[in-house]
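Colleague: Let's go through this model together. I will ask, you answer.

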Amino acid sequence: MLTFLGLAMVIIFTYLIMTKRLTPVAALTVVPIVFALLGGFGSELGEMMLSGLKTVAPSAALLLFAILFFGVLIDAGLFDPLIRKILNIVKGDPVKIAIGTAVLALTVALDGDGTTTHMITISAMLPLYKRLGMKPLVLATISLLSLSIMSGMTPWGGPATRAITSLRLDASHFFIPLLPTMLGGIVCVLVIAYLLGKKERERIGVIDTLQTGQEDAPLSEAAAASAVQEDIKRPRLIWFNFLLVMTVMVLLVLGTLPVPVLFLIGFVLASMVNYPNLEQQKERMLAHAGNALTVVTLVFAAGIFTGIFEGTKMVNAIANSLVAIIPESLGSFFPLVVALTSMPFTFVLSNDAYYFGVLPILAEAAAAYGIDPVQVARASVLGQPVHFLSPLVASTLLLVGMVKIDLGEFQRYAIKWAILCSLFVILVGVLTGAIF
């Protein structure tokens, strides 16, 4: 019964989101409540929802202050020189721009944090995409896939860290055999970026952005609508702003302070130094409040969904049912089963729910076939490109908010590339012996 309810809830929820019958916030809230009531969990509903809200509260705080922090730095013009430099290199060619986006996102994603990856990548590249008339969907897809590979497989990234912790594994034993698979994933992202860029080049052509007199133009007319007013730029403070960002990033990697607190302090310092006038500080905060509110609301709605899905034990029922239906003849291929099922599982579950709730069950089942838990752990992170399309991923909600596109529209556009990327890294993992 719980398995049926869980699967039905996920299917209906996904359908409503992707067909735009309900907004993501409404679907994340209403659908799980209805199914919880149908399952007879009415008396426990409030407690489950509150538990879910408490779980996502740190992520909501992180996104709120990160949006404000980077928003102030964007207003101050921190990324303008980077945009000009990239423009000089790519010379208006959508293929080069798409590949450059992938290289930038893959590099930034090395710290394993989705929020900072999207903040920096989108902040630097979106004005350039708008300038040339390229689709923001292309930018969002490349940024998401880049993050999914780097954050998904590095031991300090969220998914791998959870897998290693959950199964009590050695980090180097987990990661070193996975390196060829990660390199294959990087190549896959670059190829996808090339293909998306080629499509854009066929659509809009190569635009000559370096005609005489244009080299020093901060942004073209096509990007003028999204450009901030020159009177709020702070070119004299660019080195202070750069050092502030670097300090925040270093402290983030070192884990010196809780990440939400770190971004709050960074936002306060950026506001005080760049805009000493109190009225200007209020204006900058209000300028980004709409985007911040949209993302934070989505995160809390995702908390409702997660709280009910876990609290009703639907997730455990689905996992146990999956293990039960796997024929013994497929036992030796169990890591491949884990890799393939990690795509739908991690799409409908938070990483915490999957790696701490489902993965131990899968590892225990695999042990019956004589399979090392580390193989199951490696296999479990190969579906991350699909996972990052989930509305339960806070950084993805931030991503669609920054590029101002609908979540369902983004999912429809990017899903085939995410599945392709996941299948490719699974293939590489099999061929290189990472999961067998």
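Colleague: Where do Glu200 and Arg203 lie, and how many residues apart?

Modeller: This is a predicted model, where local features need pLDDT of at least 70, side-chain atom pairs count only at pLDDT 80 or more, and totals for chains, interfaces and linings use all residues. Residues are numbered from 1 along each chain as its sequence is written, and side-chain values use heavy atoms, with hydrogens and water left out. Helices are DSSP runs of H or I, at least four residues, and strands are runs of E, at least two, numbered from the N terminus. Glu200 and Arg203 are separated by about one turn of the helix; both lie in helix H10, 3 residues apart.

Colleague: What do the side chains of Glu200 and Arg203 meet in?

Modeller: Side chains of opposite charge can pair when their charged atoms come close. A salt bridge needs a side-chain nitrogen of Lys or Arg within 4 Å of a carboxyl oxygen of Asp or Glu. For Glu200 and Arg203 the N to O distance is 2.8 Å, so by that cut-off they meet in a salt bridge.

Colleague: Is Glu200 buried or exposed?

Modeller: Buried means under 20% relative accessible area, exposed over 50%, partly exposed in between (1.4 Å probe, protein chains only). Arg203 has 43% relative accessibility, so Arg203 counts as partly exposed. Glu200 has 3%, so Glu200 counts as buried.

Colleague: Which residue forms a salt bridge with Arg284?

Modeller: Arg284 sits in helix H13 (residues 278-311), and its partner is in helix H3 (residues 45-75), 209 residues apart. Both residues of the pair are buried. The closest N and O atoms are 2.8 Å apart, and the partner is Asp75.

Colleague: How many residues apart in sequence are the parts that Asp93 and Arg201 tie together?

Modeller: The two side chains meet in a salt bridge at 3.2 Å, N to O. Asp93 lies in the loop between helix H4 (80-90) and helix H5 (94-108), and Arg201 in helix H10 (residues 179-204), so the parts tied together are 108 residues apart. Asp93 is buried at 10% relative accessibility, while Arg201 is partly exposed at 30%. The separation asked for is 108 residues.

Colleague: How many salt bridges does a search of the whole structure find?

Modeller: The pairs above are among them: Arg284 with Asp75, Asp93 with Arg201, and Glu200 with Arg203. The search of the whole structure gives a total of 4.

Colleague: What radius of gyration does the chain have?

Modeller: The chain has 20 helices and 0 strands. The radius is taken over C-alpha atoms, and the globule rule is 2.2 Å times the number of residues to the power 0.38. For 436 residues, a compact globule would be near 22 Å, and the chain agrees, at 22 Å.
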